[in-house]
Structures are given as structure tokens and as C-alpha cells.
Amino acid sequence: MLDISQGARRVKQASDKPPRPSDAVTGVEFTSFVDVLRHRAVEQPNDWAYIFLPDRGGERLTLTFAQLHARACAVAQTLVVRGQRGDRAVLLFPPGLDFIVAFFGCLLTGTIAVPIMVPRRDSSRDASAAILADCTPRFAMTRRDFVTNARPDVAERFRDDALDWLFVDALPAGLGEPECTLPFPMPGDVAFLQYTSGSTSAPKGVIVSHGNLVNNSEMIRIAFGNTRNSTHVSWVPLYHDMGLILNVLQSLYLGTLCVLMAPVRFLQRPLSWLRAIHDYRAEVAGGPNFAFDLCARRHRAEEMGEIDLSCWRVAFNGAEPVRANTIERFAETFAPYGFNPKSTHPAYGMAEATLMISGGQRGAGPVLRRVSRDALQRHQVIAPLRAEDSQILVGCGRQLCGERVAVVEPESRRRLPPGLIGEIWVAGPNVAQGYWCNSSATESVFRGQVAGGGTERWLRTGDLGFLDEGGELFITGRIKDVIVIRGMNHYPQDIEETVQDCDPALRRHGGAAFGVLDRNDEEQLVVVQEVERTYRQRIAESEMVHSVREAIARDHDIAAQEIILIRPGTLPKTTSGKIQRHLARQMFLAGTLAVAE
Amino acid sequence: MRPESPSEAAIRDWCVGYLARTLDLPEEQIRPDVKFGRLGLDSANSVYLIVELEEWLGLELAPDLLFEHPTILDLARYLAGRAAGETGVG
């Protein structure tokens, strides 16, 4: 069993001094990841930077630091000939190491990388089209065999976008850096755009600067207590900020090895992740909460063999709410294999803060707090009055070095004292520059001003939580309408639109999509949708629900938990006609929806 | 090791039961001739289904299995053939 501390844990506050990105061994300072890459290529040319573990029967891929630099230079050669500084390049890669080569090719030349998820074969409403429209890329970077053999539909899909396709696997080996002068990135220069925010139809690209990247990398290094011996093992996709920044960039920053595997391989064989941690004696490995659940559920004693997890020092858990029962079950299941429960490392972050906002200290273990479930529903933190009213919250660590985290009452914008729930606001060198070509969203999200707090600008996270007396941050809910499933953000308005496109009987602007927790405390999708009276017939209705399920799986890759058709005009809305998703959710949970008969 | 491999019908029934539990739907709504996509199966659930089938049947299966065999009927026919082929003696 894990300790549950009712009160705050007193640990010394993170330093107020700004982080100083540098190599922990040589002390050489880093202004950008271009510095980091060059430094590694010179200092540790023949050390392994990355290994990609293949699926069954495939070939193991490796890159040393020098090889990474050389291949990135080959990409840079092409980019300087065919484009110019500031061009955008979408990165569309199958799992492997080419993504990393392309990413660094972009950094070297001042080309702005835009990692995106490869659209599913049959999806009609994925985010890629709108992302391309938003960032207007000159280049699309991928592997030749991927678009010619495996997924010809990808090139077909973007046929009208006049993209210059660049196949990073088909370039001649680099002969060092290009002859022409490469730009020397300044801290404020744009490094890449991270599109994980905004709806499918109106995506928002977070502008991450070079300064943001090295600063957050240093902040992560301090929180995780990482060193050059902190080998990483990751299955998290590289277009996801956690996969890129917390694994691929952090390991390069440290000068250590990052072992990668395909996300689908992890889903199929979660224990292969644990086996790789054992094989490579990895210190750092993590993922969203569901990954730990999956490992515990799929644990088979007979498949564990010699696996020894005592090397695993930072099992970070972030990108979706951290559940007490998950970390407890995981620790119980894998303690017999040497897993130390104190390695559990809950963290909190988002792309708007480059990646990480808060985290614990290496080896300190999670901070758990028992609170009243009823009071939490009313956004109050008090001890439970009865056993059945008890809920365990998992702390997400404390503010990082050089950063400030505040809890603010969102209407009055006043700072709240410890123990009170409000919106989480963040200031620090990791806060990104804003959204690409979207000044109004940038203004409302990145330019928050605390009442009576002077002119300082804060990032408004849209998440709710509180700080305890010791500075531990607890996340308790969200103001923003977003549904998080397996670490991916989904926006209700996108899902509602997909639903309403299925059948004319499903009223426009008459649906609400929201998340509810299932019996495993995992977030699941529920859709409530008004259906026109004239179309209501029992048989057609079950067909309609099937169509809705099919469309949601096809366009959003979510298996909906429940689709509820309700009588027209009964969806809760404000007087101005705004859908009240929170109220619809409460009515669903209370069973008071006007279900269509 | 298996004395006799499961029949096509047994695999079909197993898939219906499994998907009904996973998707929280009544079994009569899981029609074996309906495409998996129509049932609202997402990619993670597709992978989990394949893994369960691998464990049960002792077979190695491709990750895009449901793309090649898009209904329970197709899938059961294919798997029964594979299971008989790989576990049959002579």
C-alpha cells in the first residue's frame, strides 16, 4: 500500500533562480537544441543516441549522435536549397527514427517543424487538413516507402496542397553541415509548432521557441534528477509532445540513450515496454495513466521471466488525470519484479507550457490526499465525512525551477490561497509564445493578468486545481471543454458535428459530447443528441446509433461508451443558445435526460 | 498443445461475447456480418481484440488483421483456418 498523507509534505521550494540550460557534465551552456546536437556530435560521436525496437521479425534501427547530426545535415542541405528560413514543414512519419532526423534538419535551418499524426486510412474528418490550412507548409517530410507503398492514400489526401515532398530516407549521406551559413537560432526564434490544442476545424498551433525547449528540458532534468546515465525507453508517439520533449529531446539534452518502440507494439504487448526497460537498464520511462493500467491488466507472471525493474527510477505519469488506484495497482503488481513504488512520478503539463508544468522529485514518490468526493463536486477541498464519501487525489508535483504556478479565481482573477480550488495559471521560461496566426486566442490564453499583480502575463491552463501548504499541485477538473482519452485531447464540438452529420434526424446544435469516468476511473465518451420527432421509429433508432458509433470511431478513433437520443428541445442551453455540456453531463449522471421513446 | 482447435462457430461466438462486453452492448446488437467499424470499435480496442485472440488461439496475428477481415464472419473463417492449420497433427 502507498502512504496517504493527509497534510502537506514539506520539501524545500524549487529555486526562484531561472534555469540555466547547459551540459551537466562539461558545463557548456545551450542556447538551443542546435547547440545540443552539435555538442553531442562532437563530445560523444559514437555513443548511441536512439535505438528503435522493431515489431516481430523486423530489424533494430540505431543512430549514434554523429550519425544523427550527419543525417540531419543532409536534410538541412536539401532544405536550404529548396526553401527558406521560416518555412513550415509538416512531419508525417511512421514509427521509427526518421522523424528525429527530419526534426533536427528543420532546427538546423530555421525551418519550422510541424509534427502531425498520420491520418487514419478511412477518416474523413481528421485534423490534418485544417492544420495544413492553418500553418501553410512548404514542405511535407516523410519516408519514401511510406507514401509509395504502405500508405499511398496519405499523398493522395494532400494532393491539392502543393506540398514539396521531402523523403528523408532517400537523401545522400551528409558531408557535414551545408556550405552556406546556417542561421544561429536565438532563444526567441520559433523552433516548432505543436498542434494538440483547438478543435479539428479550428486547430491551434502552439509556438514553441528555442528558448522554451532548452529551458523546459533543464527544468525537467532538475525535477527528474536526470543524468547522462538516465537511459529512456518510450513508446509514446513522437507527434505527441510527451513523446518528443520528454523522451527524444530530454535524452539528447542529457547525452544519453533513448530506446523507442511503436505505439501499436506497446498496445499489443505492454510487457515488451517493461522488457525493454529491463534490457537497457532504463531509468526513465512513462506515459499517460492508461499505460500503467494496461500493464497491470496484461501482466502475466509466466511472461515476465527475468524482468528486473529495479533500474527504473522515474516512472512518469502525465497527459491525462493520474488515478490513485492505477498507481497503486501498478506498484503492487510489479513490486515483485523490483519496481520501487517511490519511482512513481506524477506530472502535469501541456503544450502551451512547452511540455511540463509540475512534477515531483526523483524518488520522493507520489503525494496522495484523501478528500470528500461530495465537496469536490462543489469545488471544495475538505476531509471526507464518511468512508463512502472518500476520494483519493494524486498530487502532480510542484512548480519547476524558475517557474511560478498560481491558483486563480477565474472570474475575479484574484490569487487564491492554498487549499482553495481555482484555475491553474503559469508563468516562466517554459510558457510558449502563443498560437500560430491567432492573436485573439493568444491574448485570452497566454496573456492572463492577476488582479493586483501588476503587468505580468500568465498562461491560463483552463484546468482546475489547488495547491497545498507545501506547494503540491492537485488537478481537480477543467473549465475548458475537452475530453481526454488515452492521453489525447478531443474537442466536444468536433464530435457533436460528426454525430449530426450522420442523419438529418439528428438536430444541428442539438448535441453534447462529454467525458464520464467508467468503473475503472477511466474517461469515456458519452454523447447526448436531440432527435427529431418525425423520424423517431424504434428500428431506425438502433441503426442511427450504429451510424453514430461508426462515425465517431472513424473520425475520432474513440469507442463511444453511450449514445443517448433525447427529445428535441430538451438539451440544456443558456438563454443565448450556448450548449451547457456540464449540465447535460449532470443530467446524464442523474438519469434525468428526456430520453426519446 | 491444443487437442482440437476451436471451430469457426466457436470463434464467432467468442468474438460476439467479447465485443458485447468491451463495448457494453447487448449481444444481439453485435451482428457477425456487420463491419467492425460499424460497431464503433476504435483502434485501441481493435488491438486488444487481436491480443485476446492471440492468447486464446495461440497464434501470432498481424496488427491490421481487422482491416483484412472486416467482419466477425470473415475473421472467424480466417482464424478457424489458421488454427486448424497450425495446431492440426498431420
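This is a predicted model: local features need pLDDT of at least 70, side-chain atom pairs count only at pLDDT 80 or more; totals for chains, interfaces and linings use all residues.

Modeller: Residues are numbered from 1 along each chain as its sequence is written, chains are lettered from A and ligands numbered from 1 in the order written, and side-chain values use heavy atoms, without hydrogens and water.

Colleague: How many cavities of 30 Å³ or more does the structure hold?

Modeller: A cavity is a set of points on a 1 Å grid over the protein atoms alone where a 1.4 Å probe fits but cannot get out. Its volume is the space filled by probe spheres set on the points, which are joined across faces, edges and corners. With a limit of 30 Å³ or more, the number of cavities is two.

Colleague: Which classes of residue line the second largest cavity?

Modeller: This cavity holds about 40 Å³ of space, and its lining residues, which have an atom within 4 Å of a point, include Phe292(A), Ile327(A) and Thr344(A). Ala, Val, Leu, Ile, Met, Phe, Trp, Tyr, Cys and Pro count as nonpolar, Asp, Glu, Lys and Arg as charged, and the others, Gly among them, as polar. By these classes, the lining has five nonpolar, two polar and no charged residues.

Colleague: Are helix 7 and helix 8 of chain A roughly parallel or roughly perpendicular to each other?

Modeller: Helices are DSSP runs of H or I with at least four residues, strands are runs of E with at least two, and both are numbered from the N terminus. The axes, lines fitted to C-alpha atoms over the stretch in contact, with angles from 0 to 180 degrees between N-to-C directions, come within 10 Å and cross at roughly 85°. Angles under 35 degrees count as roughly parallel, over 145 as roughly antiparallel, 65 to 115 as roughly perpendicular and the rest as oblique. Helix 7 and helix 8 of chain A are therefore roughly perpendicular.

Colleague: Where is Arg486(A) found?

Modeller: Phi of Arg486(A) is near 50°, a positive value in a residue other than glycine. Arg486(A) is partly exposed because its relative accessible area is 24%, where buried means under 20%, exposed over 50% and partly exposed in between (1.4 Å probe, protein chains only). Its place is the loop between strand 21 and strand 22 of chain A.

Technical notes: On a 1 Å grid over the protein atoms alone, a cavity is a set of points where a 1.4 Å probe fits but cannot get out, and a pocket is an open set with protein on both sides within 12 Å along at least five of seven lines; lining residues have an atom within 4 Å of a point.
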